[in-house]
Amino acid sequence: MTTTASTATAPVADGRALGLAHYAARGVLEHVLARHGVTFRQHIALRAAVTAEAPQTPDDLVTRIRGSLKADPADIRGTLDELLAKQLLVADGAHLSPAAAGRELIAAAGAETAPIAARVWGGIPAEDLAAAGRVLALVTERANAELAALTA
């Protein structure tokens with residue numbers, strides 16, 4: 001009999017387990033994004049612009065993206081410059097907005113990853129997803145507090 005993760009004794013959730021899950025999912029996304037000629041970091045930055053309720057200043061976008069990536073602001077600004085060069089973002093005075101091509105890219109990547117996500121997440125009981133969501137939210141909150149203390 002073959003033992004799978006679902007039939008074996010469940011591993012304890014820890015930083016390693018979280019990292020392995022993150023990088024497995026990120027690997028799938030990066031594979032899809034490569035077909036569109038964008039990096040993971042560019043995707044996160046573009047998604048921040050697409051999901052913003054209004055055009056953002058570069059500083060506003062850096063703040064939003066840094067909240068997700070925990071990256072150096074100078075590196076994030078470089079990523080925004082790359083998106084401008086690829087014409088996925090457009091400058092309008094002091095604001096940056098997603099270009100039509102940027103919106104289309106986010107939609108296309110989402111459409112390509114949706115069936116994969118359905119296979120990955122499918123069949124997991126709702127109560128397990130809710131428990132995992134609560135734990136991940138708490139871990140994120142605590143890790144953000146530790147990072148803030150380290151960088152203060």
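**Figure 1. K70 in the loop between α3 and α4.** K70 counts as partly exposed, with a relative accessibility of 39%. In this predicted model, K70 sits in the loop that runs between α3 (58–69) and α4 (73–85). The phi angle of K70 is near 55°, a positive value in a residue that is not glycine. Most residues other than glycine have a negative phi.

**Figure 2. Q87 in the loop between α4 and β1.** Q87 lies in the loop between α4 and β1 (89–92). The residue is not a glycine, yet its phi is positive, at about 60°. With a relative accessible area of 60%, Q87 is exposed, because exposed means over 50%.

**Figure 3. The whole chain, for orientation.** The chain has six helices and two strands. Read along the sequence, these elements follow the pattern α-α-α-α-β-β-α-α. The C-alpha trace spans about 60 × 40 × 25 Å along its principal axes. Of the 152 residues of the chain, 22% count as buried. The accessible surface comes to about 10000 Å², and carbon and sulfur atoms hold 60% of that area. Among contacts with a separation of 6 or more, residues 24 or more positions apart account for 55%.

Figure 4. Helix α2 covers residues 40–51. Nine of its twelve residues are buried, so α2 is largely enclosed by the rest of the structure. The buried residues are F40, Q42, H43, I44, A45, L46, A48, A49 and V50. What covers them includes the helices α1, α3, α4 and α5 together with the strands β1 and β2.

**Figure 5. H43, a buried histidine of α2.** H43 is found in helix α2. Its relative accessible area is 5%, and H43 is therefore buried, the cut-off being under 20%. Leaving aside residues up to four places away in sequence, H43 touches L29, L33 and I106. Of these contacts of H43, I106 is one of the buried residues of α5.

**Figure 6. Helix α5 and its bend.** Helix α5 runs over residues 100–121 and has 22 residues. From first C-alpha to last, α5 reaches 30 Å, close to the 32 Å expected at 1.5 Å a residue. The helix bends by about 35° at A114, and the proline P115 follows within four residues. The buried residues of α5 are G102, L105, I106, A109 and T113. These buried residues pack against α1 (15–35) and α2. Just after α5, G123 takes a positive phi of about 80°.

**Figure 7. T113 on the buried side of the α5 residue list.** T113 is found in helix α5. At 18% relative accessibility, T113 counts as buried, because the limit is under 20%. T113 touches L29 and V32, not counting residues up to four places away in sequence. L29 is also listed among the residues that H43 touches.

**Figure 8. S97 in strand β2.** S97 belongs to strand β2, which consists of residues 95–98. The relative accessibility of S97 is 15%, and S97 counts as buried. Not counting residues up to four places away in sequence, S97 touches P55, L88, L89 and V90. S97 and T57 are 40 residues apart along the chain, while their C-alpha atoms are separated by 8.8 Å.

**Figure 9. G78 in helix α4.** G78 is found in helix α4. At 28% relative accessibility, G78 counts as partly exposed. G78 and T63 are 15 residues apart in sequence, and their C-alpha atoms are 14 Å apart in space.

Terms used. Residues are numbered from 1 along each chain as its sequence is written. This is a predicted model: local features need pLDDT of at least 70, side-chain atom pairs count only at pLDDT 80 or more; totals for chains, interfaces and linings use all residues. Side-chain values use heavy atoms; hydrogens and water are left out. Buried means under 20% relative accessible area, exposed over 50%, partly exposed in between (1.4 Å probe, protein chains only). Contact means heavy atoms within 4.5 Å. Accessible areas come from the Shrake-Rupley method with a 1.4 Å probe; for residues, only the protein chains shown count as cover. The expected span of a helix is 1.5 Å times one less than its number of residues. The bend at a residue is the angle between axes fitted to the seven residues ending there and the seven starting there.
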